[in-house]
Amino acid sequence: MHLGSTLTVSFRALRRNPMRSLLTALGIIIGVGAVIAMVSIGNGAKSMVEAQIASLGENVLLVFSGSFNQGGARSGAFGAGTLTVDDAEAIRREDSTQLFPDGSPVGQTLRIRSQPFKVVGVLSAKGLSVQGADQDDLVIVPYSSAMKRVTKQTMLRSISVQATSAETLDLAQNDIIGLLRQRHRTTEQTDDFTVRSQVEIAQAATATSNTMTLLLGAIAGVSLIVGGIGIMNIMLVSVTERTREIGIRLAVGAHGREIQLQFLTESIVLSAFGGTLGILVGIATSELLSALNNWPTLVSTTAVVVAFFFSAAVGMVFGYYPARKASLLDPIDALRYE
Amino acid sequence: MPPVVQLEDIHKIYDSGEVPVHAVRGVTLQLHRGEFMAVMGASGSGKSTLMNTLGCLDRPTRGRYLLDGVDVSGLDRNELADLRNAKLGFVFQGFNLLARTTARENVELPMLYGQRRHSSSQMHERAMRSLDIVGLSDRADHFPSQLSGGQQQRVAIARALVNEPQVLLADEPTGNLDSKTSVEVMGVFQKLNAQGITIVMVTHELDIARYCRRNLIMRDGRVVSDIPVPDRLVAEVEMTRLREAESAAKLTD
């Protein structure tokens, strides 16, 4: 039998009972839809993290007081480092429109805790950070002025350091740790500070999202298996229902292989169809969630292709047993079947 | 000319249950081209088993079966399937048409399998020709549910003929039909036989057997009688007789 006629016969058989075919494919549809939606959301989050790193600078280290060695609590203050800090003042764009509604704020005076500060610039907008904080709600002043006039503190809470390039980042990180250990007379176990690079922070976030994706992917995988079992069940019923038909086909000259191929094609068509619907549902769901929650989503072509072939594979694996059963029927018994 | 069917001391023993069943106990016979043979016998006589053997659906336990000169004992499952496809046509008591397929597509079914490959237009043409022979070309696109019993059986006959078989095997073909339709269908068989098609028919009705030319009677797995049919009936004649009887009945109402 040609592949063309096999496909036609299979399509016809599935069309005979559209409700049954749809319900059988439902497991696959849900499984694939879930995978596509979650991968898209995961990808979107990941790309946002990457954008964060790019915007903040891969060369940036964050030194903050307190060490996670001391029982997880961040405590201890320390003296200012020997690092130089730029003496810039700036005001963020949104704050500027809130604080200075008409016109450019440059040159004007801003009072912070009744202390006058002269505005020398406006930061370009940055939007939300990975943790969800509004990065634009920010005013930058020289640290010495802030400490003397606004916070009245003598200690710094954190220091941001920019290495000369991505390559020197590790070196800088080690140097800073060594320097501070020397100054504070601490060892690795007794450090009262922590040095993190943006990359490390982003990696931690990515690792969390990866674990989530893996977990949810496992759940989706289970649902695909359940869907496959559903297909196997229905194909077994179908084979039994069509015992007479199989008998006639065998009597007029069908090989066992051709019968097997016919039923296998049916289950693959069913699962591939479910997979396609699932992909569409998954894309629609991720678009919907993206629009509602303002999350970024990125539909991955790889995920779509993999999901499609996976669903076809489910049809092949779970359709094999019923198809084999059909091919092994004895024509005489099959023709006599009530 | 060599016989189209040659059975030499055929035995069939079923060994699946507790007691082995010796269904066919040494049948030897020959069938020549153009013959029209009825196989009769009570249930358990072995006639169904003989038909299954003739139809290459079952292998004999002992003995030789030569179909069109080919010894079938050496063939595997797939080769037997190809042989059935090329040389045999089957007609069943229950018609066995595919339900949600048109008459023409039903007739095309044997052409989907076998060694010869046809294009879809070739299949269409051959199917229509077959339907024409049985007088149903105007109902080619009807579904079996839209056809009467007699018409369905005629579609089944067309299907059996489509690959131009050597032998047509019919298993109680009139069993599900009323007496008038039975005569109609026997008329189709007689017409085909007149054109040279070899037919073997299993039946338990003597009236139906009288439309054939040769009558084989089986009992307990053996052939007990193999004679030409005496007082052979001709379908057209019987049809006319029936129609006259019908109109006579109406007149006297």
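**View 1. The open four-stranded sheet of chain B.** In this predicted model, four strands of chain B form an open sheet in the order β2-β1-β4-β5, with antiparallel pairing. Strands β2 (21-31) and β5 (70-71) of chain B are the edge strands, and each of them pairs on one side only.

**View 2. The pairing of β1 with β2 in chain B.** Strand β1 (residues 5-14) of chain B runs antiparallel to β2(B), and eight bridges join the two. One residue pair can be picked out here: B:Leu7 has B:Leu29, in β2(B), as its bridge partner.

**View 3. The contact between chain A and chain B.** Chain A brings 17 residues to the contact, and chain B brings 19 residues. On the side of chain A that touches chain B, α7 (243-251), α8 (256-293) and α10 (331-336) of chain A each supply at least two residues. The largest share of that side, five residues, is from α7(A). By residue class, the side of chain A that touches chain B has nine nonpolar, four polar and four charged residues. For the complex, the predictor gives an ipTM of 0.93 and a pTM of 0.76.

**View 4. Confidence along chain B.** Chain B has a mean pLDDT of 93, with 99% of its residues at 70 or more. Within chain B, confidence is highest in strand β8 (residues 198-202), at a mean of 97, and lowest in helix α8 (residues 235-252), at a mean of 84.

Terms used. Residues numbered from 1 in each chain as written. Chains lettered and ligands numbered in written order. Predicted model: local features only at pLDDT ≥ 70, side-chain atom pairs only at ≥ 80, totals over all residues. pLDDT = per-residue confidence, 0-100. Contact = placed C-beta atoms within 7 Å. Nonpolar A, V, L, I, M, F, W, Y, C, P; charged D, E, K, R; others polar. Pairing = 2+ DSSP bridges.
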